[in-house]
There are 2 protein chains.
Amino acid sequence: MTEANGTRRDPEAVSRFVEHFAAQLVEAGLPRMPARVFAALLASDSGALTSAELSEQLRISPAAVSGAVRYLAQVHMLSREREPGSRRERYRVHSDQWYESLTNREAILKRWEDALREGVTGLGADTPAGRRLAETLAFFEFVEREIAALMERWRVHREKTFGGT
Amino acid sequence: MTEANGTRRDPEAVSRFVEHFAAQLVEAGLPRMPARVFAALLASDSGALTSAELSEQLRISPAAVSGAVRYLAQVHMLSREREPGSRRERYRVHSDQWYESLTNREAILKRWEDALREGVTGLGADTPAGRRLAETLAFFEFVEREIAALMERWRVHREKTFGGT
DNA sequence: CGCTTCTTTCAGAAATTTGTGAAGTTAATG
DNA sequence: CATTAACTTCACAAATTTCTGAAAGAAGCG
């Protein structure tokens, strides 16, 4: 039996999770530092850490934290908040917000669709290649519509399972 | 009015699409050569090209084609077929198979789930961090289940819209 | 408004990734 | 079974990316 939860949390266990989960994110295409910063936030009790805390916990320079945070904010995987009465900043994951951003590949999907539409026009909608592109386009349009519905179902499911805000 | 479709297809238009679409794929995380090879296949009338054709059309070395093809085959975005009575190989996109592979990030999802499960155990299911990880885990499990249903609906929709095999 | 505390930007060193030519391997054909 | 066509592997040069320390830039506080 590991030490129970009244005690201080085990930095070893935290680090193990952070590095392991970050590695999976990296494999899925996220750059290394953003992945590690994000995993560290996920594994924090408050869901928010300061730059200094991240820098120390991950053994990386403040510059690296800055870069990683900028990246993550851009893709909406965290939000920055200013600690009132301090120039310290706090970076937070909103439990739900962040994984919704995972399905919000909308921007990407849109650009794919644009490229495909141009392809259909350029190659001719009546050519075999044109038809292939058109079908692919239809698939992405379908997925885009479905994702919205899926997230709605998730919110219901989540409410039932976890309650809360 | 561009030249109609009885005539030879316009290599300019093809190249424009290939490079543009490939660029979007790259932005989404696919390595450059696999992206270009894949786009070229998508834009081909037969849906299949030989190594030599790809090498010429994209102005890349046979080695680059080989590498790209290996990558794409690994992630199930194309299949290789041997042309009977020739040592030439042919690389093909199956219109539907390939984008199903897009939603088949199953392997990735599974590994994420594993890492999260370990995290919940390691940090304690009764800690705030543990609860956050558990909720994230639940989300991925939910998505995994939903994706299957989504693809089923797509197949029905596709049948209605495009008919065919 | 000057001092202090954070954060960001920037130039560059180090590591990684990418694509090539050349050599090596496999398999059809005479 | 030798030849040749096609694909693959490998070592390396070039390009790109990543992280850092140092300097610059905000923002609270006296």
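User: Which residue of β3(A) is the bridge partner of A:Arg80?

Analyst: That would be A:Tyr91. Bear in mind that this is a predicted model. The pair belongs to a run of four bridges between β2(A) and β3(A), the latter covering residues 89–92, and these two strands run antiparallel. In general, strands in a sheet pair through backbone hydrogen bonds, and the pairing can be parallel or antiparallel.

Zooming out a bit, the sheet in chain A is open and has three strands, ordered β1-β3-β2, with antiparallel pairing. The edges are β1 (48–50) and β2 (79–82) of chain A, each pairing on one side only. Going from one strand to the next, the twist averages 30°.

Now for the contact between the chains. Chain A puts in 45 residues, and chain B puts in 45 residues. On the chain B side, the elements giving two or more residues are α1 (11–27), α5 (95–103), α6 (106–123) and α7. The top contributor there is α7(B), with 15 residues. Split by class, that side of chain B has 22 nonpolar, 14 polar and nine charged residues.

α7(B) spans residues 128–162, 35 residues in total, and reaches 50 Å from first C-alpha to last, close to the expected 51 Å. Its buried residues include B:Ala129, B:Gly130, B:Arg132 and B:Leu133, along with B:Thr136, B:Phe139 and B:Val143. After the helix comes B:Gly163, with a positive phi near 60°.

Note on methods
Residues numbered from 1 in each chain as written. Chains lettered and ligands numbered in written order. Predicted model: local features only at pLDDT ≥ 70, side-chain atom pairs only at ≥ 80, totals over all residues. Expected span 1.5 Å × (residues − 1). Buried ≥ 20, exposed ≤ 12 C-beta atoms within 10 Å, placed from the backbone. Pairing = 2+ DSSP bridges. Axes fitted to C-alpha atoms, helices over the stretch in contact; angles between N-to-C directions. Contact = placed C-beta atoms within 7 Å. Nonpolar A, V, L, I, M, F, W, Y, C, P; charged D, E, K, R; others polar.
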